[in-house]
Amino acid sequence: MKALRKFATIGLVSVVSAFSGFAEDKPKQICVSEAFTARSDFQAGRINGCEFTNENTVRIEIKPEDKAVTNPSPWYSFRIEPHSTDPISIELVYRNAKHRYWPKISQDSINWHPLKVGAVNQLNDHVLRISLPAIDEPIYISGQEVLTDAAHQQWLDELASTSGTSKTLLGKSMAGRDIYKLETAPENGSGNYIFLVGRQHPPEVTGALALMPFAEAIYADTPLAKAFRKKFGVIIVPILNPDGVANGHWRHNMGEKDLNRDWGPFTQPETQLMRDELERFKEEETLSLFLDFHSTRRNVLYTQAEDEETKPRGYTKSWVERVKGRVSNYTFERAERPLTSLPTSKNYVYSTFGVPAITYEVGDETDRQALKIAATVFAEEMMEVLLNGNKD
């Protein structure tokens, strides 16, 4: 069988495109041979091209959403549908980046586990080979767990039902997707709030996996959580870049912009929603803490420098020390990052409101159970520290 020389529609392989229904969305790839189909026509799917070198071997091209992407977060996610019972070989070819995310596999796109070491061979920084035995059912392969906008909204609905409130539409993304928040007011009318935001960068799934148990601990039926909700309101925006998530972007929204470099210019509809939501804290209400959940190669908190005064004073040092005293299987560091002109959420919120504004980063391959346990501890100690500083 003649091998293909380009990522194209020639002979052995058929490549078609499918759209998700939003006007700004980009086509999704479907690549077909006699042995199997590789397709990315689902939410968060990502294939940029394919080449079948024989019936059972496919080379899949992975490249960023636009030329301006500089962060090496090469997201990939596709579904394999077997047409025969032969073993399958998949080569991921990265353009403009080195390999980063260890492949995860799932049969239902809900329950995921890492591929075994023997099934993965990194040929070089830019090529990864995945070898699969004969399979008789479709499987998903992805750089991280697929956590779609719909999954975020389902979680938000469930959290809203337990908190006795409802999610509220903040506005629309560039491609017209809904962006929601959950807000509960402080029961004593104090006007004090904390603010959680996530998923500015689409592939950063572990940050999202930490935000969820963090928020759930705040709404737990415990004396600590009840006392906290009495004195503090909570605003949660779990997914700020739903277009990027849906299209399998590495970094940007549909405006070819890194949203976490647009807090200040506010050129994008998504960050404009954040600007408008935060305006309320320039008047009667008070912002006490801002947390922005992300992922990187290790567990780290990017914070203000110790000599940068915040309101409340000394919050971050106390919080970190208390958490380290409770977690044993979750290693993390505090990395002080003094205020700069870089238009990130952390810099904007701190320079505007003077409160602790912290980027909560979770490692790409951090054990999922450990990150959930740690997120719960972080939330509990956050509540303790803020309550101890607010004894009114």
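The dialogue below goes through several features of a predicted model.

Biologist: What applies to the numbers throughout?

Modeller: This is a predicted model, in which local features need pLDDT of at least 70 and side-chain atom pairs count only at pLDDT 80 or more, while totals for chains, interfaces and linings use all residues. Residues are numbered from 1 along each chain as its sequence is written, and side-chain values use heavy atoms, with hydrogens and water left out.

Biologist: Which cysteines form a disulfide?

Modeller: A disulfide is a covalent bond between the sulfur atoms of two cysteines. The rule used here is a pair of cysteine sulfur atoms within 2.5 Å. By this rule the count is one disulfide. Cys31 and Cys50 form it, with their sulfur atoms 2.3 Å apart. The angle about the S-S bond is -110°, and the link of Cys31 and Cys50 is left-handed.

Biologist: Which parts does the pair tie together?

Modeller: Helices (H or I, at least four residues) and strands (E, at least two) are DSSP runs, numbered from the N terminus. Cys31 lies in strand 2 (residues 28–32) and Cys50 in strand 4 (residues 49–54), so the pair ties together parts that are 19 residues apart in sequence.

Biologist: Are Cys31 and Cys50 buried or exposed?

Modeller: Buried means under 20% relative accessible area, exposed over 50%, and partly exposed in between, with a 1.4 Å probe and protein chains only. Both Cys31 and Cys50 are buried.

Biologist: In what order do the five strands of the open sheet run?

Modeller: Two strands pair if DSSP finds at least two bridges between them. The order of the open sheet is 4-5-7-11-10, with mixed pairing. Strand 4 and strand 10 (120–124) are the edge strands, each pairing on one side only.

Biologist: How many bridges join strand 10 to strand 11?

Modeller: Four bridges join strand 10 to strand 11 (residues 127–132), and the two run antiparallel. A hairpin connects them through two residues. Gln122 has Leu128 in strand 11 as its bridge partner, and Val120 stands opposite Ile130. Strand 7 (residues 88–94) is also antiparallel to strand 11, joined by six bridges. There, Leu92 stands opposite Leu128.

Biologist: How many aromatic pairs does a search of the whole structure find?

Modeller: Rings of Phe, Tyr and Trp (its six-membered ring) pair if their centres lie within 6.5 Å; planes under 30 degrees apart count as stacked, over 60 as edge-to-face and the rest as tilted. The search finds 20 aromatic pairs. One of them, Trp263 with Tyr348, is tilted, at 6.4 Å centre to centre and 55° between the planes. Trp263 is in the loop between helix 4 (242–246) and helix 5 (269–278), and Tyr348 is in helix 7 (residues 345–353), 85 residues apart. Both Trp263 and Tyr348 are buried.

Biologist: Which lysine lies over the face of Phe332?

Modeller: A charge sits over a ring if NZ of Lys or CZ of Arg is within 6 Å of the ring centre and within 35 degrees of the ring normal. Lys324 lies over Phe332, at 5.4 Å from the ring centre. Phe332 also belongs to an aromatic cluster whose members include Tyr330 and Trp319.
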